[in-house]
2 protein chains.
Amino acid sequence: MSRYSPSVAKLISELGKLPGVGPKSAQRLAFHVLSMPQEEVKSLSEALMDARTSTRLCKVCQNFTDQELCSICGDPKRDRSTICVVENPRDVATMERMRDYNGLYHVLHGVYSPLNNVELDSIKIKELIQRLRENPDTKEVIIATNQTAEGEATAMYLGRLIKPSGIKVTRIASGLPMGSDLEYADDVTLSKAMQARHEF
Amino acid sequence: MSRYSPSVAKLISELGKLPGVGPKSAQRLAFHVLSMPQEEVKSLSEALMDARTSTRLCKVCQNFTDQELCSICGDPKRDRSTICVVENPRDVATMERMRDYNGLYHVLHGVYSPLNNVELDSIKIKELIQRLRENPDTKEVIIATNQTAEGEATAMYLGRLIKPSGIKVTRIASGLPMGSDLEYADDVTLSKAMQARHEF
């Protein structure tokens with residue numbers, strides 16, 4: 001038996017669908033919402049819909065934007081000859097935080113993951129290939145998908161797909177994170193770090 | 001400089017106000033919302049407002065309800081002579097999970113906590129006193145506020161306030177949790193457990 005009124009049960013169930021929100025957190029969040037001033041709940045509720053409805057994908061890089069072109073693609077100071085391919089919009093924010101990269105991005109919105117029913121044609125690969133065809137200035141495509149099985153598979157697939165066009169395709173390096181201890185590195189990371197060793 | 005569109009920045013800020021949602025989680029949740037089908041966002045957005053607007057406080061026990069009386073206060077099978085005083089509606093759900101208590105509740109919606117600007121008159125103490133006055137059948141008030149400094153202070157205050165009326169006032173026991181190791185108990189808990197020792 002549920003001790004909650006239908007509207008509260010529904011709220012708990014909706015909140016529980018969010019990533020990282022388990023049944024217990026969903027209940028805690030719902031009770032918090034019930035004790036919030038109604039104005040604040042309205043503000044949160046509207047922010048959700050406003051953000052979702054005003055956001056679309058940049059027609060060039062597929063990142064989230066509220067314009068036709070995102071602020072990076074529309075920035076004349078960015079280097080148009082390099083495209084960094086990432087899995088999702090969060091990764092663009094992460095890369096930008098580094099302040100080291102001045103090229104453009106391409107957001108795949110996922111990685112090839114047949115086990116999770118993500119096929120190659122459901123991520124933005126077609127859009128990348130067409131973009132490369134339409135922009136002959138592109139000199140390098142840096143593939144920065146995650147260092148996971150799916151990220152690696154997608155990177156390898158993209159590498160093979162783009163290479164014949166003559167554009168340089170690179171993969172961000174895998175190795176020991178800065179500040180980390182050799183002792184705690186896993187075998188795969190260590191082996192990758194050894195393979196990618198360089199001379200002083 | 002913010003890299004987010006105004007509506008996304010607003011959503012991140014609104015989500016960040018929820019308890020246990022830091023800036024990083026707020027960003028992760030916001031990006032998740034942006035990639036959700038619009039119908040699902042609408043459903044979440046509406047669930048928030050629906051739950052908040054249809055929820056009010058039970059006129060007897062002050063718990064959340066969508067009726068005038070909550071399902072516990074309105075249940076003729078509950079023992080009307082006992083009132084268990086708790087800090088918030090979540091605590092009612094926790095007590096009910098135990099299935100051991102068949103009396104009524106009173107929800108304070110907070111505890112006396114001058115450091116957090118919660119004064120005695122901003123929690124539902126007036127309502128409790130009036131309820132006791134109007135219901136001469138009440139035989140026992142069990143104070144089940146948390147075992148924190150604020151919960152203890154509130155319990156002591158309530159005890160002193162109610163005792164002169166002749167109603168029995170009790171406090172739930174503090175001691176070692178079941179299944180716990182003496183070795184890992186903190187000093188205050190251990191001392192309370194010693195004081196509350198009972199004969200076999």
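## Exercises with worked solutions

**Exercise 1.** Identify the strands of chain A that helix H4 lies across, and give the angle at which the helix runs to S4(A).

*Solution.* Helix H4 (residues 89-98) of chain A lies across strand S3 (82-86) and S4, and runs at about 155 degrees to S4(A). Helix H6 (residues 149-162) of chain A also packs on the sheet, touching S3, S5 and S6 of chain A, and its direction makes about 165 degrees with that of S6(A).

Conventions: the model is predicted, with local features requiring pLDDT of at least 70 and side-chain atom pairs pLDDT 80 or more, whereas totals for chains, interfaces and linings use all residues. Residues are numbered from 1 along each chain as its sequence is written, chains are lettered from A and ligands numbered from 1 in the order in which they are written, and side-chain values use heavy atoms, leaving out hydrogens and water. Helices (H or I, at least four residues) and strands (E, at least two) are DSSP runs, numbered from the N terminus. Contact means heavy atoms within 4.5 Å. Axes are lines fitted to C-alpha atoms, for helices over the stretch in contact, and angles run from 0 to 180 degrees between N-to-C directions.

**Exercise 2.** State the strand order of the open sheet in chain A, and explain why one side of S4 and of S6 is left without a neighbour.

*Solution.* Strands pair if DSSP finds at least two bridges between them.
1. The four strands are ordered S4-S3-S5-S6, with parallel pairing.
2. Strand S4 (104-107) and strand S6 (168-171) of chain A each have a single partner strand, so one side of each lacks a neighbour in the sheet.
3. On average, neighbouring strands are turned by 25 degrees against each other, direction ignored.
4. Strand S5 (residues 140-143) of chain A pairs with S6(A) in the parallel sense over four bridges. Within S6(A), Arg171(A) is the bridge partner of Ile143(A).

**Exercise 3.** Determine how chain B is laid on chain A, and which residue of chain B comes closest to the rotation axis.

*Solution.* Copies are superposed by least squares on C-alpha atoms of residues with pLDDT of at least 70 in both.

**Exercise 4.** Describe the interface of chain B and chain A by its buried area, its polar pairs and the helices that chain B contributes.

*Solution.* 
1. In total, 48 residues of chain B are in contact with 48 residues of chain A.
2. The chains bury about 4,500 Å² between them, 68% of it on carbon and sulfur atoms; buried area is the accessible area (1.4 Å probe) that two parts lose on being put together, summed over both.
3. In chain B, Arg3(B), Leu48(B) and Arg52(B) lose the most area to chain A, together 15% of what that side buries.
4. Across the interface there are zero salt bridges (a side-chain nitrogen of Lys or Arg within 4 Å of a carboxyl oxygen of Asp or Glu).
5. There are 13 residue pairs in polar contact, both at pLDDT 80 or more (a pair of N or O atoms within 3.5 Å; within protein, one must be able to donate a hydrogen and the other to accept it, and residues adjacent in sequence count only if both atoms are side-chain atoms).
6. The elements giving two or more residues to the side of chain B that touches chain A are helix H1 (6-15), helix H2 (23-35), helix H3 (38-54) and helix H4 (89-98) of chain B. H3(B) gives the most, with 15 residues.
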